[in-house]
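Here are my notes for you, written as numbered points. Keep the structure open and find each residue as you read.

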Amino acid sequence: MKTKELSPVIAGTMNWGVWDKNLSVNEMVHLINICIENKITTFDHADIYGGYTTESQFGKAFGESKISREKLQLISKCGIQHTQGRANTIKHYDYSKEYIIWSVENSLKNLQTDYLDVLLLHRPSPLMQADEIAEAVSQLKAEGKIVSFGVSNFTSSQTELIRQKTEVSYNQIQFSATHYEAMLDGSLDYMQLHHIRPMSWNPLGTVFREDIEQTRRLKKLLVQLVEKYEVGSDTLLLAWILKHPSKILPVAGTVNIARIQSLMKAVELELDPLDWFAIWTESMGNKVP
């Protein structure tokens, strides 16, 4: 099965279900359509979202929407065994071959699809066996149940451990103007070297969530840049991520229709390098080294 290109901005579904917005099936149908109309065709899931309920809600919406499977791309993650929604006595990770395969098949059933465009291991486990993971990935690809494979929240060394046994195409990490360590600790360099596409969760960082010196400095600068570029602050923060040469794919979790309609403006926005460095400078609170 041929790999389909993911949209340059990805719709994150973590907040669509009972963990936050608790959207109805009809509301999800509407939101899926709005995303696709605005060229956001990739949807990021994880089995645990909504205590293992959000995928099935999305699947019902996708089924009712009558949208062709070829018009969208589906990502899901597995490996976290939560106490919410399952009879686990303690939160843990499971990357046995049997569990990975079972989890993917369960996600396929819930999402009402025959395949995932991307499967990610949700978080690294000290007990993961690279050979066993590779066997599961190989079987799932051979059976056409996944197209591409990657990891999430893995360090470079953890990724390399898996990459030695099977191809790793993606790593979904935390990256934003307020959480920029990945471009300093070698993580994004490693991904470029090995043709691993980064995805960034929480791409707006804490700019609109925390009132601290760092975010106050950034907001002050953003007021000027909003006037200069005539776009919103969130668009500028996404454009800052998109300018990095590792070709990061931001995962945007908003369900606000007006904001969804403005997300793709970041792809077209050519942020001046001096403004890019100004954002980084204000985030650090000092000049670049």
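1. The largest cavity holds about 40 Å³ of space. Bear in mind that this is a predicted model. When the whole structure is searched, one cavity of 30 Å³ or more turns up.

2. Which residues line the largest cavity? They are Ile10, Ala11, Cys35, Ile40, Ala252, Thr254, Ile260 and Leu263. Sorted by class, that lining is seven nonpolar, one polar and no charged. Strand E1 (10–12) and helix H10 (257–263) each put at least two residues into the lining.

3. Now the pockets. The largest pocket has a volume of about 800 Å³, and 36 residues line it. Nearest its centre you'll find Met14, Asn15, Asn202, Arg209 and Gly253. Helix H9 (233–242), strand E10 (249–252) and H10 are the elements that give two or more residues to this lining.

4. H9 and helix H11 (265–268) each supply at least two residues of the lining. By class, the lining of the second largest pocket has nine nonpolar, no polar and four charged residues.

5. How many of the 10 residues of H9 are buried? Nine of them are, so H9 is largely enclosed by the rest of the structure. The buried ones are Ser233, Asp234, Thr235, Leu236, Leu237, Leu238, Ala239, Trp240 and Ile241. As for what covers them, the list includes strand E9 (197–201), helix H8 (213–229), E10, H10, H11 and helix H12 (273–284).

6. Stay with tryptophan 240 for a moment. Setting aside neighbours within four places in sequence, tryptophan 240 is in contact with Phe175, Ser176, Ala177, Tyr180, Met183, Leu271, Trp276, Ile279 and Trp280. Trp240 also turns up in the largest nonpolar core, which has 78 residues. Along with Phe43, Phe149 and Phe175, Trp240 touches the most other members of that core. Helix H1 (residues 25–37) gives the most to this core, with eight residues. There is a second, separate core too: it has nine residues, among them Ile10, Tyr170, Met199 and Leu249.

7. Serine 176 is one of the contacts of tryptophan 240, so pick it out next. Serine 176 is found in the loop between E8 and H7. Is serine 176 buried or exposed? It is buried, because its relative accessible area is 0%. Apart from residues up to four places away in sequence, serine 176 touches Asn202, Pro203, Leu204, Gly205, Trp240 and Ile241.

8. Next comes helix H6 (residues 156–163), whose buried residues are Thr159, Glu160 and Ile162. Looking down the axis of H6, you'd see these buried residues fall within an arc of 160°, so they line one face of the helix. For background, an α-helix has 3.6 residues a turn, so residues three or four places apart point the same way. The cover over the buried residues of H6 includes helix H5 (130–142), strand E7 (146–152), strand E8 (170–174) and helix H7 (187–193).

9. Alanine 61 is buried, with a relative accessible area of 0%. Glutamine 57 has a relative accessible area of 25%. Why is glutamine 57 called partly exposed? Buried means under 20% and exposed means over 50%, so a value of 25% makes glutamine 57 partly exposed.

10. Alanine 61 touches Val25, Met28, Val29 and Ile32, not counting residues up to four places away in sequence. Alanine 61 and isoleucine 32 are 29 residues apart in sequence, with 8.3 Å between their C-alpha atoms. With the neighbours within four places left out, glutamine 57 is in contact with Leu23, Val25 and Met28. Glutamine 57 and serine 24 lie 33 residues apart along the chain, and their C-alpha atoms are separated by 8.1 Å.

Definitions and conventions. Residues numbered from 1 in each chain as written. Predicted model: local features only at pLDDT ≥ 70, side-chain atom pairs only at ≥ 80, totals over all residues. Heavy atoms only, no water. Buried < 20%, exposed > 50% of the residue type's maximum accessible area, 1.4 Å probe, protein only. Contact = heavy atoms within 4.5 Å. Core = buried A, V, L, I, M, F, W, Y, C linked by side-chain atoms within 4.5 Å. Helix = DSSP H or I, 4+ residues; strand = E, 2+ residues; numbered from the N terminus. Arc of directions from axis to C-beta. 1 Å grid on protein atoms, 1.4 Å probe; cavity = no way out; pocket = protein on both sides within 12 Å on 5 of 7 lines; lining within 4 Å. Points joined across faces, edges and corners; volume = space filled by probe spheres on them. Nonpolar A, V, L, I, M, F, W, Y, C, P; charged D, E, K, R; others polar.
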